Structure formats: C-alpha cells, structure tokens
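Thanks for coming, everyone. Let's walk through one model together, and please have it open as I talk.

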Amino acid sequence: MSDSTSLRDQVAIVTGASSGIGEATALALADRGVKVVLCARREGRLKALRERIEAAGGTAMDFYCDVRDRGRVQAVVDAAMMAWGRVDILINNAGVMPVSPIAARRFDDWDRMIDINVKGALYAIGSVLPVMQRQHRGHIVNVSSVAGRHVFPGNAVYCATKHALHVISEGLRAELAQATPPEHGIRVTIIAPGVVLTELPESTTDETLRDTIRSWYTGMPGALTSEDIARAILFALEAPSHVNINEILVRPAAQQR
Ligand code: NDP
C-alpha cells in the first residue's frame, strides 16, 4: 500500500480564511506543518489568525485579497512564490450566500455571488495553475456545496454558482488528466458541505430571509462544524499522490436534502 501524502513543508493558499471553514482549514493545515497564506478582506481577523498559528509554532502570512480583483489574486500567488518558492495547495473557499427568490430581482446580490463564488474561484485557479504545472504537483480544493448538487427554490442563483464550481472542477480535472505528459501530479477535489454553523447566513441581505436561514441552521440537530469540513479536506489532501478524491459531499446526519 502506498503511503499517504505528507503535508509538512507544503505551501497552501486559503481564500476566505478570515472565518468559518477557511479559518478552520488554515488552522488544520498549519497544525500539519503547512505554510499557509491566509487571504480575505477582514485584515484584523487574518492578522489574529496568523498570530495564533505562529504562537502554536506554525508558519503563515496574511494577505488582503478581494477575490473579485484578479490582479490582487495573482499578487497572492506571487507573494507565496517570493516567500516560499512554491504553491502546493489551493483551498478555493471564499464565498457568499445572499439568497432570495429570482422574482425579488436582487441584481446586486446576483452579481456578488457570481463574481465571488464563480469568477473569484476561477481567478484563483488561473493564478496557481501555471505554478503547479511547472512543479508537476499541486492540489486544488474547491469548496462547493450540496447546493452544487441540488436546486433549492429561493436559492437558485447561489445553487447556480455552486453548480458552476462543480462543472469547472470536473472540467479542470479531466483536462489535467488528459494532458500530455499526464499531469497526474495536479489533483482537483470538490468539497460539498451541507449545513455548517458559520457566519455564511449573515451574507444574506434580505433580513427576513436571513432570520429564516439563521433559525434553520441553528435549529438543525448535529449541524456540522467548520472543523468537520477541515477534516474532510485533510482526508483528500493526505491521500496517496496517485489517488484523486474527486468529490466529498458531507451533510449533517439529520439533513434531508
Ligand atoms: P463564512 O461567511 O464564515 O466564510 C466566508 C469567507 O469568504 C470569509 O472568510 C470571507 O472573508 C470570505 N469572502 C467573502 N467575500 C469575499 C471576497 N470578495 N474576497 C475574498 N474573500 C471573501 O462562511 P463559510 O465558512 O460557511 O463559507 C466558506 C465556503 O463554504 C463558501 O464558499 C460557502 O459557499 C461554502 N459552504 C458553506 C456552507 C455552510 O453551511 N456554512 C455549506 C456549503 C458550502 P471576508 O469577508 O473577510 O473577505
């Protein structure tokens, strides 16, 4: 049996590291000896997280990045290369969920979801890919959702962005698999969580809907924690290098759809 992949001394970029799943994943990676680039917009949170990682003996860098800004996303990769000379892992996690029925015509929310959840994720992939291709090694983890597998009325645009991320991930995986010479050193994984108790419902701009979603989240028995998702991500990253865990769908035991 092949050994699992050791993450020690690898370099990871985590988008949306200032809270929730991104924060928990950054901590879990640092705990495994990974050098982590922490990206998001709330700089105070990133700095506090970096200090927490360093206090525990880990290595991290914090970097302001709005993933809607393609130049800034490239700058994150450039900073990682400058500091540590490689990028082994991308945790493409930044996302928002300002849901509402389509008839509510919340155009700005649609733009935000498409720009962050889809275009931002693509910018990050586009920025790390040349580096990973040169290295013949890398792992891109795209944090999608159960909303990338099912369509929930009232959530159509959010679901569309997560479906798009599934399609992009599968297309990228297949392209890398058929490259000549085969670039089997670059793996692509979709992590599709169900309900995880994070700040995500706060991104819903419609107040009534936000309250409904908050209550649904907090009312779900055994709702997942960010650490549950970080564990699933580590499982994919630590698989032996010839094994590509393509997709992990993780729901609370009590979640129906
Ligand atoms: P959080 O709200 O806690 O985290 C979202 C993260 O995205 C924050 O760090 C936020 O940082 C970052 N972010 C938002 N907008 C931008 C932007 N424009 N540029 C850079 N970073 C940005 O929620 P979660 O941890 O739950 O969400 C993480 C991912 O998990 C998302 O993609 C979400 O869709 C997905 N997911 C979550 C589920 C859940 O139930 N919680 C279920 C399924 C999927 P900042 O605001 O500082 O920029």
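First, a term: buried means under 20% relative accessible area, exposed means over 50%, and partly exposed is in between, with a 1.4 Å probe and protein chains only. Now the ground rules. This is a predicted model, so local features need pLDDT of at least 70, side-chain atom pairs count only at pLDDT 80 or more, and totals for chains, interfaces and linings use all residues. Residues are numbered from 1 along each chain as its sequence is written, and side-chain values use heavy atoms, with hydrogens and water left out.

Start with Gln 255. Gln 255 counts as buried because its relative accessibility is 8%. Where does Gln 255 lie? In the segment after β7. Strands here are DSSP runs of E, at least two residues; helices are runs of H or I, at least four residues; both are numbered from the N terminus.

The Gln 255 side chain reaches the backbone nitrogen of Val 195 at 2.8 Å. A polar atom of that side chain also lies 2.7 Å from the backbone oxygen of Arg 257. Contact means heavy atoms within 4.5 Å. Setting aside neighbours within four places in sequence, Gln 255 contacts Val 146, Gly 194, Val 195, Trp 216 and Met 220.

On to the sheet. Two strands pair if DSSP finds at least two bridges between them. What is the strand order? The open sheet of 7 strands runs β3-β2-β1-β4-β5-β6-β7, with parallel pairing. At the edges sit β3 (59-64) and β7 (247-250), each pairing on one side only. From one strand to the next, the twist averages 15 degrees. For angles, axes are lines fitted to C-alpha atoms, for helices over the stretch in contact, and values run from 0 to 180 degrees between N-to-C directions.

Helix α4, residues 107-135, packs on this sheet and touches β1, β4, β5 and β6. Its direction makes about 175 degrees with that of β4. Ala 124 is in α4. Is Ala 124 buried or exposed? Buried, because its relative accessible area is 5%. Not counting residues up to four places away in sequence, Ala 124 touches Val 73, Leu 90 and Asn 92.

Now β1, residues 11-15. 5 of its 5 residues are buried. Val 11, Ile 13 and Thr 15 point one way, Ala 12 and Val 14 the other. In a regular strand, side chains alternate between the two faces of the sheet. β1 pairs with β2 (residues 35-40) in the parallel sense, over 5 bridges. Val 14 has Leu 38 as its bridge partner in β2. On the β4 side (residues 89-92), β1 has 3 bridges, again parallel. There, Ile 13 stands opposite Leu 90.

Last, the ligand. An oxygen atom of the ligand lies 2.8 Å from a polar side-chain atom of Ser 18. A polar backbone atom of Ile 21 is 2.8 Å from a ligand oxygen. For Lys 162, a side-chain N or O atom is 3.0 Å from an oxygen of the ligand.

Note on methods. A polar contact is a pair of N or O atoms within 3.5 Å; within protein, one must be able to donate a hydrogen and the other to accept it, and residues adjacent in sequence count only if both atoms are side-chain atoms.
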